Amino acid sequence: MSVGLPRRKRPVRGRSATVTLAGLVAAAAMGTASLVSCSTDGGGSNNTSFSPTPTAPDTASFSGTPPSALSSLGASVKESARAAASAAASSASAAASAFEASVSADVARANAAAEKKLKNAKGQGNAMSDVALTGKPRSETGGLLALVVNITNKTDKTASYAVQVDFRDPDGKVVETRFVGAEKLKPGEKAQPLAISRKPPEPRLTAEIARAQRY
C-alpha cells in the first residue's frame, strides 16, 4: 500500500504581481503630489516658482552708440603712433639744428662772400674744374641732405673760391640754392665746405654745381 506525500501549494504569482504593481502606482502618485505641493505657494495659487525666459532689452530707447573694444584699441594705437612720430620729428629737428650750429662763423662769412662774388661771374664761372661734390651720410647730419664741396686750388697762386650749389626735385626743378666759399687757398691746397639743404627728406633732391668762380 502506497502512502501519498502531501502536495505542495504553488504560490499565487498573479496576486503578488498585482500587489507589487499597485504599490508602484501608489508611490508614483505620492511623488507627483509632492512635486505639485513644492511648486505651489501657501496661498493655493497655481503659479510656479521658475522664472520665465528673459527677453532682450529694447535698444530703441538707448541714446548714443556704445564704443566697441576694437575701435577703442584702434584709437589708442593711432594716438601712440602719432605721439611717436611727433617725438621722432622733434628729435630729428633738434639733431639737424645742432648740426647746422656746428658750422663756424668763419665758414658762414665765407659763404656770404661767395654769394656776392658770384653775382658778377660770367656763365658758370672760371673754376668748374676745381670743384666736385661728394655726399655725406644723413646719420651724421641729423637727417639733413648735406654735400661736401671739394675745392682744390689747381693754380700756382693763392686764390679764393665761390661756389653755387643747386638742389633739384625729381622733376628737375631747382627748389633750393646754397652758396659756399673758401678763401686764400695756397697752390694745391684743398677746402671742404658743406652745402646743406633745409628741405624735407621727401621728395629726394639731387645736387649739382651750378657755378664756380675763382678770384
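Mentor: Happy to. Leaving aside neighbours within four places in sequence, Ser197 is in contact with Leu144, Leu145, Phe167, Glu176 and Leu205, where contact means heavy atoms within 4.5 Å. This is a predicted model, in which local features need pLDDT of at least 70, side-chain atom pairs count only at pLDDT 80 or more, and totals for chains, interfaces and linings use all residues. Residues are numbered from 1 along each chain as its sequence is written, and side-chain values use heavy atoms, with hydrogens and water left out.

Ser197 belongs to strand β6, residues 194-197. Helices (H or I, at least four residues) and strands (E, at least two) are DSSP runs, numbered from the N terminus. With a relative accessible area of 1%, Ser197 is buried (under 20% relative accessible area, 1.4 Å probe, protein chains only). A polar atom of the Ser197 side chain lies 3.2 Å from the backbone nitrogen of Lys199.

Now for the sheet. It is open, with 3 strands in the order β4-β3-β7 and antiparallel pairing; two strands pair if DSSP finds at least two bridges between them. Because β4 (174-185) and β7 (206-214) stand at the edges with a single partner strand each, one side of each has no neighbour in the sheet. From one strand to the next, the twist averages 20 degrees. Strand β3 (residues 159-168) runs antiparallel to β4, joined to it by 9 bridges, and Ala159 stands opposite Leu185 in β4. Helix α3 (residues 105-118) packs on the sheet and touches β3, β4 and β7. The direction of α3 makes about 105 degrees with that of β4 (axes are lines fitted to C-alpha atoms, for helices over the stretch in contact, and angles run from 0 to 180 degrees between N-to-C directions).

Notes
Buried < 20%, exposed > 50% of the residue type's maximum accessible area, 1.4 Å probe, protein only. Polar contact = N/O pair within 3.5 Å; in protein donor to acceptor, adjacent residues only side chain to side chain.
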